[in-house]
Amino acid sequence: MRRLFTEESEALLFKTLNYIPIPILLSEGLEVEGRRPSTHRVHHFMNHAFIEQLGYNINDIPDIAAWFDTVYPDPIIRNKAMLEWDNVVYASEKQGLSTAGFKTYIRCGNGEFRWFLITAQLTTENQSNLNIVTMRDVHQLQLLIEENERQSNTDLLTGLANRRRVEEVLAIAMEQSNLAHSSLCLVMCDIDFFKDINDNFGHLCGDDVLKIVAVQLQESAKSAASIARWGGEEFLIVLDNTEPESAALLCEHLREQIEQTDYRSYGQLMHFTMSFGCVKYQPDESLHSLLSRVDKALYKAKNNGRNNVVMA
C-alpha cells in the first residue's frame, strides 16, 4: 500500500486530528477496474473522537465494505444505505461539489444505534482519491425533530392522526387512486349524544370515552391508511384500495361493536352508539368536495335516528 504522506507530515497530521473533538476518518479510494474509487476504499486513520464516540478502531472497520457490514447489520437496510450513499456521492460529483453528506442511523461499537451526519470531502489537493470524513452525532437533535413532527401530526388526547395529518394522507391517497384507478373510500363517524356524556359524567369521562373509541377504531380498522380525530367527537377513516361494499361492512362492524360494548370510566358504566357516513372517492374530485360529501353522509345518518350507517 502506497504512503499518502511522508512519515513526518503524516505523524503531524494525525496528532493534529486527534485534538479535534469531532470523529474524523481518513480513507483512500483504490483504482479497481470497472469501479469508481468511491466504491472501493481503505481506511488509514481514525482520530480519538471517532474511536470514543463510535466505538470502533481501524481493525474493526479497515475498509468501506467492513464499515457497511458492521454499522448496518440488517442486509436490507445495508443495501439501502449503500445505494443512498453512492447516489449522494455521484450527485455531488456531477455538480462539481467537493463534499457529500447524508444523515444515517448506524450501530455503534457498544451495540447502540444512533443518528450521525456523515460528511466526506471528496477531493483534496494533490490527493484526488483521499477522503476526509467527519461524523457528527445528531442523535438527540434527530429525536427532537421526530418528536416535534409527531406532535404536529398527532392528536394529543387520542394518539390518532390529527386533522392536518389526515388531510395530507388523504391527498396522497386520492392521487394514487387516480393513477392506479383503484377504489378509495372515506368514512366519517361520531359519537351520538356526546354532549350528554360530558354533561352527565364530566369532561374527564368524556375524554376517556374518546380515547376508548380511538383504540377500538385502530384495532378494528388496521388496514386503514389513516385513522384520525377530525374534531370534537368526530373521527375520519381513510380506506385506500377498498371497495364501497367492504367499507360498508367495516362501518357496520364498528357500529355493532360500539353499540354492544359496556364502557366503564371513572366508576361510571356507560352505553353509547356511533353514526357513520361513507363515500367513495370520484376520479379527479377535489379534497373539499370529498370531505363535504362524507360530512353530508354522516349528517344524514344522524338525521335518520343515529346509530346507523349511510353510504352516499
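These legends walk through a few close-up views of a predicted model. Local features need pLDDT of at least 70 and side-chain atom pairs count only at pLDDT 80 or more, while totals for chains, interfaces and linings use all residues. Residues are numbered from 1 along each chain as its sequence is written, and side-chain values use heavy atoms, with hydrogens and water left out.

View 1. Strand 8 covers residues 234-240; strands here are DSSP E runs of at least two residues, and helices are H or I runs of at least four, numbered from the N terminus. Five of its seven residues are buried, meaning under 20% relative accessible area with a 1.4 Å probe, protein chains only. Strand 6 (residues 184-191) runs antiparallel to strand 8, joined by seven bridges; pairing takes at least two DSSP bridges. Look for C185 opposite L239.

**View 2. The hairpin of strands 7 and 8.** Strand 7 (residues 226-231) pairs with strand 8 in the antiparallel sense, over five bridges. Two residues sit between these strands, and G232 in the turn has a positive phi of about 60°. G231 stands opposite E234.

**View 3. The largest nonpolar core.** This set of buried Ala, Val, Leu, Ile, Met, Phe, Trp, Tyr and Cys residues, joined through side-chain atoms within 4.5 Å, has 30 members, and I191 and F235 have the most contacts inside it. Helix 8 (203-220) is one of the elements giving two or more residues, and gives the most, with six. F235 touches residues including L160, V187, I191 and W230, where contact means heavy atoms within 4.5 Å.

Notes
Buried < 20%, exposed > 50% of the residue type's maximum accessible area, 1.4 Å probe, protein only. Lists of a residue's contacts leave out its neighbours within four places in sequence.
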